[in-house]
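Try each task before you read its solution.

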Amino acid sequence: MSKKPIVGITMGDGAGVGPEIIMKSLQHQHLYEQAHPIVIGDALRLDKANDILGNKVKIVRLKDTDAFDVTEYGTVHCLDLHLLPEDLPFGKVSAEAGNAAFHYLKKAIELANQQKISAICTAPLNKEALHKGGHQYPGHTEILAELTGTADFSMMLSSPKLKVIHVTTHVGLLDAINMIEPERVLRVIKLAHDTLSKSGVTAPKIGVCGINPHAGENGLFGYGEEEEKIIPAIERAQGDGINVEGPLPADTLFFRAQRGDFDIVVAMYHDQGHGPIKVLGLESGVNITVGLPIIRTSVDHGTAFDIAGKGIADEGSMLEALRQAIELAPK
């Protein structure tokens with residue numbers, strides 16, 4: 001493998017903004033100075049994005065047997081799976097695009113397991129399309145976990161001012177509360193600690209959200225969920241020497257974390273963690289799946305069907321996801 005990491009970029013849902021933000025991102029020369037980016041998707045779809053953006057970039061079609069470490073600025077190299085019809089419309093849910101998005105990711109995982117690529121960076125998929133395509137997963141994270149045989153994993157959102165890791169993600173709120181239990185909370189605290197420690201943070205400071213308003217305020221709100229589900233995990237983690245505090249009211253914890261009081265926040269459910277990151281800026285947020293045997297980063301936004309095919313999607317989150325994939329990739 002090349003001295004520079006080879007980053008496989010999955011195209012996601014071809015009816016969304018994925019092709020555009022990929023083509024925009026790969027116009028930034030610094031990426032090629034740091035890595036070999038390879039798109040895993042449909043070359044015809046990248047051609048369409050090229051035309052929409054008014055680019056004249058050469059798209060090189062690769063095969064499984066080709067070397068992936070020969071990319072150079074001014075060209076976009078694509079492992080072309082050729083799964084989408086040429087007339088697929090932008091901005092509409094389709095089974096074809098959902099099925100293709102699954103197979104782009106599956107191929108990327110195979111390549112990472114074979115050490116042919118160093119990391120995976122994913123463009124967004126659409127969950128409805130994924131299901132219509134016959135793949136009943138809540139999202140990227142769960143596909144990655146199943147296809148790598150990973151039991152302990154979590155979604156971590158990262159931005160310049162705030163990092164958040166989740167105990168539950170793509171489930172309804174009532175289901176999420178039922179799923180929260182001390183063992184799971186403890187595993188996520190340890191994933192947060194281990195992930196930041198490996199990245200060079202000494203004794204990372206971890207803040208844990210409560211479930212109820214004011215973290216239950218000593219039983220005033222809720223039915224003792226904090227005492228039953230969260231406090232035992234925090235006490236065990238503290239006993240293991242982890243620098244963790246909580247459960248804390250989420251409304252003030254996120255403010256304190258972005259101020260610098262904590263290195264990462266443990267959120268109990270999807271919107272509790274996603275909201276603060278997205279308020280800080282969609283263009284700077286990155287989704288990282290921690291606990292996997294391979295490196296995976298992603299944009300922190302959806303397929304944006306309302307603007308897909310118009311050439312106006314911002315590539316900032318994709319660039320940040322690529323930067324972090326390069327940084328985390330084994331050298």
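**Exercise 1.** Find the residue in β9 that is the bridge partner of I206.

*Solution.* Keep in mind that this is a predicted model. Start at I206 and step across to β9: the bridge partner there is V244. Now look at the two strands as a pair. β8 covers residues 206-209, and it runs parallel to β9, with three bridges between them.

**Exercise 2.** Work out which helix packs on the sheet at β8 and β9, and how its direction sits against β9.

*Solution.* Look for contacts with both strands: helix α9, residues 225-239, touches β8 and β9. Next, compare directions: α9 makes about 170° with β9.

**Exercise 3.** Trace the strand order of the open sheet and say which strands stand at its edges.

*Solution.* Walk across the twelve strands: β3-β4-β2-β1-β5-β12-β11-β6-β7-β10-β8-β9, with mixed pairing. Then check the ends. β3 (58-62) and β9 (244-248) each have a single partner strand, so one side of each has no neighbour in the sheet.

**Exercise 4.** Decide whether T10 is buried or exposed.

*Solution.* First place the residue: T10 sits in strand β1, residues 6-10. Its relative accessible area is 1%, and the cut-off for buried is under 20%. That makes T10 buried. Now see what surrounds it: skipping neighbours within four places in sequence, the contacts of T10 include I22, I40, Y104, L105 and I120.

Technical notes. Residues are numbered from 1 along each chain as its sequence is written. This is a predicted model: local features need pLDDT of at least 70, side-chain atom pairs count only at pLDDT 80 or more; totals for chains, interfaces and linings use all residues. Side-chain values use heavy atoms; hydrogens and water are left out. Helices (H or I, at least four residues) and strands (E, at least two) are DSSP runs, numbered from the N terminus. Buried means under 20% relative accessible area, exposed over 50%, partly exposed in between (1.4 Å probe, protein chains only). Contact means heavy atoms within 4.5 Å. Two strands pair if DSSP finds at least two bridges between them. Axes are lines fitted to C-alpha atoms, for helices over the stretch in contact, and angles run from 0 to 180 degrees between N-to-C directions.
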